[in-house]
Amino acid sequence: MKQTQEKPRLNVVEQSAQTQLRILLVDRDEPETAEVRRAFDRNPEIHLEFTADTETASHMIAATRHDLVVIDAELPGSFALLKEIKNKYRWVGTLVVSRNHTPSFLRQVVKSRIDGLLFKPVTPAELLEQAILLATAVSVRRHSQQMRVLAIGAHPDDVEIGCGGTLAKHHANHDLLHILTLSRGSAGGDVNIRAIEAQSAATLLGAHLKIANLSDTYIGEGAETISAIEAAVRELNPTHVYTHCLEDTHQDHRAVHTASLVACRNVPNVYCYQTPSSTVEFKPHRFVDITEFIKQKVELISVYKSQVDRMPSIQSDLILATARYWGRFAGYVLAEPLRIIRQRDSDMVPDFGKEYSQLQAGALAESG
Ligand SMILES: [Zn+2]
């Protein structure tokens, strides 16, 4: 009799690094801490990192995503680190542990806008429970609110010219930013210089940059380009894509537009930006207020020194005049125009970037 093989109904999936809660413990290197570390390490939901030094902690937070930082507030530099986290990292929670109960200490703790506080002595089990609660809350909030943005350009500098202000605004909003540039731009200059310029601009935006190796001026709209974009989509799973518009005299730009629509067919929000080679047929439906981000946009474009010198169309007075022109259609001082291919209404966040404006206003008040 033929034996039928039963298929397992459930697969046992190991906790991947993506789904684990990433916690950084900053505490003295002593036996008590070692016990806490062992308790965290035994929990498969958690990926724990440890340092006894706040300066090292600052570098670790900048280098990789963390959901929570647990810190002993009596370590030197702990309050400076807490302030840095609150100012720079919207998606990192903070849990303070301390032996200090004095009113002045508590005032300092409250001013640091921390997410949780535990007084020592605390058992590893208590600390673990609080840490999981806070890290989970941060992680859930990040997954539901953080936008994952993919900006696609045919050549180095296209995305900065087309939507650099919008990308700077996403950066200020602590969104996750990837830039995909499909060619190295050999027709417009030395590819090595252009790659360095592209990397410098991406660094200013806090963006991850990928430069594919399609041939400049010969980019097709078919399988090769679609696959390159699909790979970037698979990696980021973007909520928002910015790409070229079809109303453009450059053949590479049109090809990237067409390939983007195929590769991003499942992305809920897809927008097309204007470039210096766009035609008068470019008719936008969305205007992003970049009044507070024009300085960053001009700075991003000026990084491309090899291009600014040879192309009058990307000099700062024209960038400014273009933004001023489009601003009038939406009642903004300066705007970037976008054509909408697709937009999910739950993702229309009219106030995105507001937090940055408030921070700026706060900084001005402080300095004034
Ligand atoms: Zn281009």
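View A. Two strands are called paired here if DSSP finds at least two bridges between them. Strands themselves are DSSP runs of E of at least two residues, helices are runs of H or I of at least four residues, and both are numbered from the N terminus. Zoom in on strand 1 (residues 21-26) and you find it paired with strand 2 in the parallel sense over six bridges. Arg22 stands opposite His47 in strand 2.

A word on conventions: residues are numbered from 1 along each chain as its sequence is written. Since we're looking at a predicted model, local features need pLDDT of at least 70 and side-chain atom pairs count only at pLDDT 80 or more, while totals for chains, interfaces and linings use all residues.

View B. Contact here means that the C-beta atoms of two residues, placed from the backbone, lie within 7 Å.

**View C. Strand 6 and its two partners.** Five of the six residues of strand 6 are buried, so the rest of the structure largely encloses this strand. Buried means 20 or more other C-beta atoms within 10 Å of a residue's own; 12 or fewer makes it exposed, anything in between partly exposed, and C-beta atoms are placed from the backbone. Strand 6 pairs with strand 7 in the parallel sense over six bridges, and Ala151 stands opposite Ile179 in strand 7. From strand 6 the chain crosses through helix 6 to strand 7, a right-handed β-α-β crossover. Right-handed means that, with the strands pointing away from the viewer, the path from the first strand over the helix to the second runs clockwise. Strand 6 also pairs with strand 9, in the parallel sense over three bridges. Val149 stands opposite His240 in strand 9, and Leu150 has Val241 as its bridge partner there.

**View D. Ala151 and the nonpolar cores.** Which residues touch the most other members of the largest nonpolar core? Among its 58 residues, these are Ala151 and Ile229. The largest share of this core, six residues, comes from helix 6 (residues 158-172). A nonpolar core is a set of buried Ala, Val, Leu, Ile, Met, Phe, Trp, Tyr and Cys residues joined through C-beta atoms within 7 Å. Setting aside residues up to four places away in sequence, Ala151 touches Val159, Cys163, Leu167, Ile179 and Tyr242. There is also a second, separate core of 29 residues, which includes Leu25, Leu82, Ile85 and Leu95.

View E. Strand 9 and strand 10 pair in the parallel sense over five bridges, with His244 opposite Tyr273 in strand 10. The chain gets from strand 9 to strand 10 through helix 9, in a right-handed β-α-β crossover. A quick geometry check: at 1.5 Å a residue, the 13 residues of helix 9 (residues 251-263) should span 18 Å, and the end C-alpha atoms are 18 Å apart, which agrees. The expected span is 1.5 Å times one less than the number of residues. The buried residues of helix 9 include His253, Val256 and Leu261. Among the elements covering the buried residues of this helix are helix 8 (223-236) and strand 12 (335-342).

**View F. Ser313 in its loop.** Ser313 is in the loop between helix 11 (305-308) and helix 12 (316-327). Buried or partly exposed? Ser313 has 13 C-beta neighbours inside 10 Å, so it counts as partly exposed. Leaving aside neighbours within four places in sequence, Ser313 is in contact with Pro276 and Leu318.
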